[in-house]
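Hello,

Here is the structure I promised to pass on to you. Please open it alongside this message, and I will walk you through what turned up.

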Amino acid sequence: MSTPLPDPAALRRQGFALLGAQQHDAADALFGEAAARFPGDPGLAFGLAQTRYELGHPAADLFARAAALAPGHLGTARNHALALMSEGLGDAARGLLETQLARQPDWLDGHKALATLKWTAGEQAHFSDSLGQACRARPYNAALWLAWFRNLAQARDWPGALAVLDEAERHLGKTPALAVSRLFVAVESGAENAAGLIAATAHIRGDVSSLCRIRHALRSGEAKCAEAEALPLSQGPSAALYWPYLSLAWRLMGDARAEWLDQPEALIRSHEAGLSAHELAALAAVLRGLHTAAQPYIEQSVRGGTQTDRSVLLRHEPELRSIKARLLDMIRDYVAALPRPDPRHPLLGQPRDQDLLIEGSWSVRLEQQGHNVPHTHAMGWLSTAFYVALPDAAQMGAPPAGHIAFGAPPPELGLALAPYCTIGPAPGRLAIFPSTMWHSTVPFNHGERLVIAFDIRRPANQEPSHAE
């Protein structure tokens with residue numbers, strides 16, 4: 001008896017499982033064969049388009065075909081627009097998004113994609129106009145008002161953000177979400193009413209309100225209050241948001257748990273890849289071709305440079321595949337040399353015997369006075385910076401210009417905490433550190449600083465508990 005051929009649903013499951021395991025070549029082969037066998041199946045058409053897009057191949061036409069098989073499918077429309085943008089067809093991407101948003105003005109992902117397109121093209125003044133139009137067309141849709149507010153808050157347009165909240169309240173009333181949004185603006189802008197709003201919203205629980213309370217407490221010199229808010233949350237589903245603030249609170253309090261958490265001497269390391277000048281030059285040429293945006297993404301830490309879209313280490317170019325293999329080998333060496341397991345620790349408490357998967361990977365290209373502001377990576381387990389091309393010493397400036405600094409808090413908190421250390425950049429050098437570690441880039445004088453950065457996904461099946 002012959003084995004029945006897989007049906008389209010089984011092929012879809014298999015293909016997306018391969019994508020999830022980052023086996024893109026196998027997924028590409030499966031989706032290509034399956035889409036040819038079942039040409040009318042929209043899920044297989046989408047899978048092929050998505051796989052080709054993540055590999056860095058042209059995929060806009062494939063998404064167009066998938067969209068024709070599933071008219072009105074918003075996920076396909078969004079990814080079609082992203083593929084058009086990646087192929088330099090920004091006007092077509094904008095037209096697609098605007099047409100779909102005219103039909104469905106409550107499509108949040110479409111508004112986000114359109115705002116991103118405008119912002120990275122340098123159109124900051126009107127980047128969120130579509131959300132304003134949608135809010136006024138559907139004034140009782142709270143999600144639209146909050147999305148518009150978040151766009152302006154990310155741009156630190158505090159007057160504009162408050163004006164949106166005022167307008168939203170006229171339609172929605174004084175809701176908890178709008179109250180927390182006002183709290184956010186007050187805390188982040190340093191407004192005089194921040195303490196009063198913290199008291200008024202004490203009963204509202206959630207990550208945004210908790211982070212507002214923590215950041216205000218730190219800025220106000222109340223490290224113990226910040227710890228009291230953050231510590232119980234360090235064992236919950238959003239734990240990665242709170243460990244970095246516990247580090248700051250404990251350091252300010254002189255608490256030994258800061259050393260237990262950060263362990264800078266053991267957990268911040270650099271490794272040399274041993275690439276030749278020719279290999280680095282070839283890699284740099286590929287990366288420069290991916291930096292097509294005029295401005296960095298609004299939510300990112302880059303200042304004075306650009307960051308690429310998609311995951312660069314999942315792409316098809318031989319130079320990127322070669323460096324991915326070498327970088328993952330260095331990560332394996334780092335993991336093998338970690339201190340003994342500690343079930344309470346966010347890094348050392350995780351399993352070490354699982355395959356390493358990339359949570360995200362990107363290239364950052366900084367120019368004169370470019371830098372990254374202090375930040376952490378809530379989605380990662382380990383984070384990295386790999387140096388591909390750098391200014392010469394005269395252009396860079398005196399050390400620590402161009403270094404990556406660890407442990408310096410966000411300057412807006414006003415904390416007198418110096419970095420634990422810095423790592424000086426060198427072509428072919430990889431810096432590895434916990435994703436919960438505050439890190440930033442020191443501005444440099446002139447030239448180009450080109451890096452690959454990536455996160456390693458947190459291993460599955462174990463969550464760290466809080467520190468007693």
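Phe16 has a relative accessibility of 33%, so it counts as partly exposed, in a model that is predicted. Phe31, by contrast, is buried, with a relative accessibility of 0%. For orientation, anything under 20% is called buried and anything over 50% exposed, so a value in between is called partly exposed.

These two residues also meet each other. A total of 10 aromatic pairs was counted in the model. In the pair made by Phe16 and Phe31, the ring centres are 5.1 Å apart and the planes stand at 65°, so this pair is edge-to-face; planes over 60 degrees apart fall in that class. Phe16 belongs to helix H1 (residues 8-20) and Phe31 to helix H2 (residues 24-37), so to speak two distant parts of the chain, linked across 15 residues. Ring pairs then carry on into a cluster that takes in Phe16, Phe31, Phe46, Tyr53 and Phe63.

Rings also turn up with charged partners. Tyr420 has the charged end of Arg251 over its ring, 4.2 Å from the centre. Over the face of Tyr334 lies Arg269, at 4.7 Å from the ring centre.

Next, a helix pair. Two packed helices are described by the angle between their axes and the distance between the axes. For helix H9 (residues 142-154) and helix H11 (residues 176-189), the angle is about 5° and the axes are 11 Å apart. H9 is therefore roughly parallel to H11, as angles under 35 degrees count that way. On the H9 side, Leu146, Phe149 and Ala153 make the contact, and on the H11 side Ala177, Leu178, Ser181, Phe184 and Val185 do.

Finally, the sheet. Strands of a sheet pair through backbone hydrogen bonds, either parallel or antiparallel. Here 6 strands form an open sheet with antiparallel pairing, in the order S1-S7-S4-S9-S3-S2. Which strands stand at the edges? They are S1 (269-272) and S2 (302-307), each of which has a single partner strand, so one side of each has no neighbour in the sheet. On average, neighbouring strands of this sheet are turned by 30° against each other, direction ignored. S2 is joined to strand S3 (residues 358-372) by 5 bridges, and the two run antiparallel.

Happy browsing, and do write back with any questions.

Best wishes

Note on methods: Residues numbered from 1 in each chain as written. Predicted model: local features only at pLDDT ≥ 70, side-chain atom pairs only at ≥ 80, totals over all residues. Heavy atoms only, no water. Pairing = 2+ DSSP bridges. Helix = DSSP H or I, 4+ residues; strand = E, 2+ residues; numbered from the N terminus. Axes fitted to C-alpha atoms, helices over the stretch in contact; angles between N-to-C directions. Phe/Tyr/Trp six-rings, centres within 6.5 Å; stacked < 30°, edge-to-face > 60°. Buried < 20%, exposed > 50% of the residue type's maximum accessible area, 1.4 Å probe, protein only. Lys NZ or Arg CZ within 6 Å of the ring centre and 35° of its normal. Parallel < 35°, antiparallel > 145°, perpendicular 65-115°, else oblique. Contact = heavy atoms within 4.5 Å.
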